[in-house]
Amino acid sequence: MNKVIRISPVTHNSSVVDNGLFFDVTEIPNTTSRLGGTALLKSVTSVIFTTAGHPEMDLIFFKKGGSSLGTLGAALGAGAETAIDNNELIGVVSMPTVPEDGSSDLGEIFVSSKLNVDLLLEAEENKQSIYVAGVVRSAYTSDSDTEVALSFGIER
């Protein structure tokens, strides 16, 4: 069974440093069809409503969501390593920022799509959710009203 799940994480609406936290660990609800189940991430689309452009962003996926990766806008520090271990890292998806790779500039809306991901997601034993955080690869300054919408194509 295929499913699209959409979330809108709370982002840092100001300057984000290199390798900085754009949005912290956020739940992707009902990712799997059963408690402790698995699902296959097939695609990811990010839509960013801003005049600042699309950041060079990595999406980091976790089995658990209990530990924060740090302060929004700041670089990941030593505490992030512990949080990554505690949250049980699943994998990373780098979002494209150039049209040839799957992104589009629609004025004040920037769309980036990553297809054929094929990342196996596994939920915690008593959950159906997976978790995601966003880290920018190079410094990024967003507008004060920047909004992010993420869509995940899931195969269960």
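This briefing walks through a few parts of the structure shown above, one topic at a time. The model is predicted, and the protein chain averages a pLDDT of 91. We will start with confidence, move on to a sheet and a helix, and finish with some individual residues.

**How confident is the prediction?**

- Along the protein chain, 97% of the residues score at least 70 in pLDDT.
- Confidence is lowest in strand 7, residues 103-105, where the mean is 76.
- At the other end of the scale, confidence is highest in strand 9, residues 119-122, at 98.

- Look for an open sheet of 4 strands in the order 3-10-5-6, paired in the antiparallel sense.
- Strand 3 and strand 6 stand at the edges and have a single partner strand each, so one side of each is left without a neighbour in the sheet.
- Neighbouring strands of this sheet are turned against each other by 20° on average, direction ignored.
- Strand 3 pairs with strand 10 over 6 bridges, and the two are antiparallel.
- To find a spot where strand 10 has a residue facing it, go to Ile28, which stands opposite Ile130.

**Strand 5 inside that sheet**

- How many of the residues of strand 5 are buried? The count is 6 of 6, so this strand is mostly covered, where buried means under 20% relative accessible area.
- Met57, Leu59 and Phe61 point one way from the strand, while Asp58, Ile60 and Phe62 point the other way, and all are buried.
- On one pairing, 6 bridges join strand 5 to strand 10 (residues 130-136), and these strands run antiparallel.
- Within strand 10, Ala133 is the residue opposite Ile60.
- Strand 5 is also joined to strand 6, by 5 bridges, again antiparallel.
- Here Phe61 has Gly91 in strand 6 as its bridge partner.

**Helix 1 and its two sides**

- Helix 1 covers residues 78-87, and Ala80, Ala83 and Asn87 are buried in it.
- Seen down the axis of helix 1, these buried residues fall within an arc of 60°, so they line one face of the helix.
- A handy rule to remember is that an α-helix has 3.6 residues a turn, so residues three or four places apart point the same way.
- What do the buried residues of helix 1 pack against? They pack against strand 3 (20-28), strand 5 (57-62) and strand 6 (89-94).
- Ala78, Glu81 and Asp85 lie on the other side of helix 1, and they are exposed.
- Gly79 also has its place in helix 1, and with a relative accessible area of 52% it is exposed, because exposed means over 50%.
- Although Gly79 and Ser68 are 11 residues apart along the chain, their C-alpha atoms are separated by 8.8 Å.

- The phi of Glu88 is near 60°, a positive value in a residue other than glycine.
- Is Glu88 buried or partly exposed? At 30% relative accessibility, Glu88 counts as partly exposed.
- Asn19 has a positive phi too, of about 55°, although it is not a glycine.
- You will find Asn19 in the loop between strand 2 (15-16) and strand 3, and at 46% relative accessibility it counts as partly exposed.

**Two buried serines**

- Ser142 sits in the loop between strand 11 (140-141) and strand 12 (147-155).
- A relative accessible area of 8% makes Ser142 buried.
- Which residues is Ser142 in contact with, leaving aside its neighbours within four places in sequence? They are His12, Asn13, Ser14 and Ala52.
- With Ser14, the side chain of Ser142 reaches the backbone nitrogen at 3.2 Å.
- Ser112 belongs to strand 8, residues 109-114, and is buried with a relative accessible area of 0%.
- From there, the side chain of Ser112 reaches the backbone oxygen of Pro96 at 2.5 Å.

Methods
Residues numbered from 1 in each chain as written. Predicted model: local features only at pLDDT ≥ 70, side-chain atom pairs only at ≥ 80, totals over all residues. Heavy atoms only, no water. Buried < 20%, exposed > 50% of the residue type's maximum accessible area, 1.4 Å probe, protein only. Arc of directions from axis to C-beta. Contact = heavy atoms within 4.5 Å. Polar contact = N/O pair within 3.5 Å; in protein donor to acceptor, adjacent residues only side chain to side chain. Pairing = 2+ DSSP bridges. pLDDT = per-residue confidence, 0-100. Axes fitted to C-alpha atoms, helices over the stretch in contact; angles between N-to-C directions.
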